[in-house]
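Please keep the sequence and the coordinates in view while reading.

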Amino acid sequence: MKKSFINFENQVCVVTGAGSDSGIGFNTAAILGDLGGRIAIISTTDRIYERAEELKKSGVDARGYIADLMDREQVRKIAGEIIRDFGHIDVLVNNAGMTQVGGEEDFAYFTDVTYESWDLSINRNLNITFNVTKEMLPYMIENNYGRIVNVSSVTGPVVSNPGEAAYSAAKAAVVGMSRSLAIEVGKYNITVNNVLPGWIGTASQTESEAQGGLNTPMKRSADGKEVANAIVFLASREASYITGEALVVDGGNTIQEYKGDSKYYY
């Protein structure tokens, strides 16, 4: 019997923002688990326990954890619990950000952005990734191995939209932070990469975002699993010489110059 090209046997994989059954985080966790990984998933509500049970039913060693990852004390506590339960951490997927249950992103023009809204967006979309990485990284350094994959966005590092200054700043900063960190930790056999999704058809997608997906070269939004597949590769042992990179997963949307109705051009 042929072995899978990629497997995560004996590896502990931590995935944040995995509460939604259609989201990128849970799809990533499911693939990692199917490929032999032991899975620790985190979200802000108790629905994470439902996701963990789903993984267990498919034979995956999985546990769910609840935490507000903007709270650094909670992050420190969760990191300790994962080490207690699993013993080590090999893979970290920083997917949490943008939206949380009970708190949506505030899209406002720059002159109308409040200081509170700006700080919240930076905290949610940049500081969560920093907080979690800060607490998990020492365990990877100790074991001389690790894979960190940050879910950024094309919004910020590549393109942007009106009313998204804070979100764009945060997501671009995630990529910049990742590059610096990749240089620091390469000597420990740790890679740090980013996946930059475009229009994704998750449960939180708005009508306008869905229309954006229809105007890509692929004529549709991606589903969570299509982004998850890219994350899983970068999280694998096989992606051992790829670090500091930003992989765009947007159906070719950002490569097209003309973005109007196709009947006027194509």
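Helix 1 passes helix 2 in a right-handed crossing; a crossing is right-handed if the near helix is turned clockwise from the far one by less than a right angle, and left-handed if anticlockwise. The model is predicted, so that local features need pLDDT of at least 70 and side-chain atom pairs count only at pLDDT 80 or more, while totals for chains, interfaces and linings use all residues. Residues are numbered from 1 along each chain as its sequence is written, and side-chain values use heavy atoms, with hydrogens and water left out.

Helix 2 spans residues 47-57, and its axis lies 10 Å from that of helix 1 at an angle of about 25°. Helices are DSSP runs of H or I with at least four residues, numbered from the N terminus; axes are lines fitted to C-alpha atoms over the stretch in contact, and angles run from 0 to 180 degrees between N-to-C directions. The angle therefore makes helix 1 roughly parallel to helix 2 (under 35 degrees; over 145 is roughly antiparallel, 65 to 115 roughly perpendicular and the rest oblique). F26, A29 and A30 of helix 1 meet R51, E54 and L55 of helix 2, where contact means heavy atoms within 4.5 Å.

Helix 1 (residues 24-34) also packs against helix 7 (residues 224-234), at an angle of about 55° and with the axes 8 Å apart. Helix 1 is therefore oblique to helix 7. This crossing of helix 1 and helix 7 is right-handed. Helix 1 contributes I24, N27, T28, I31 and L32 to the contact, and helix 7 contributes G224, K225, V227, A228, N229, I231 and V232.

How values were computed. Helices (H or I, at least four residues) and strands (E, at least two) are DSSP runs, numbered from the N terminus.
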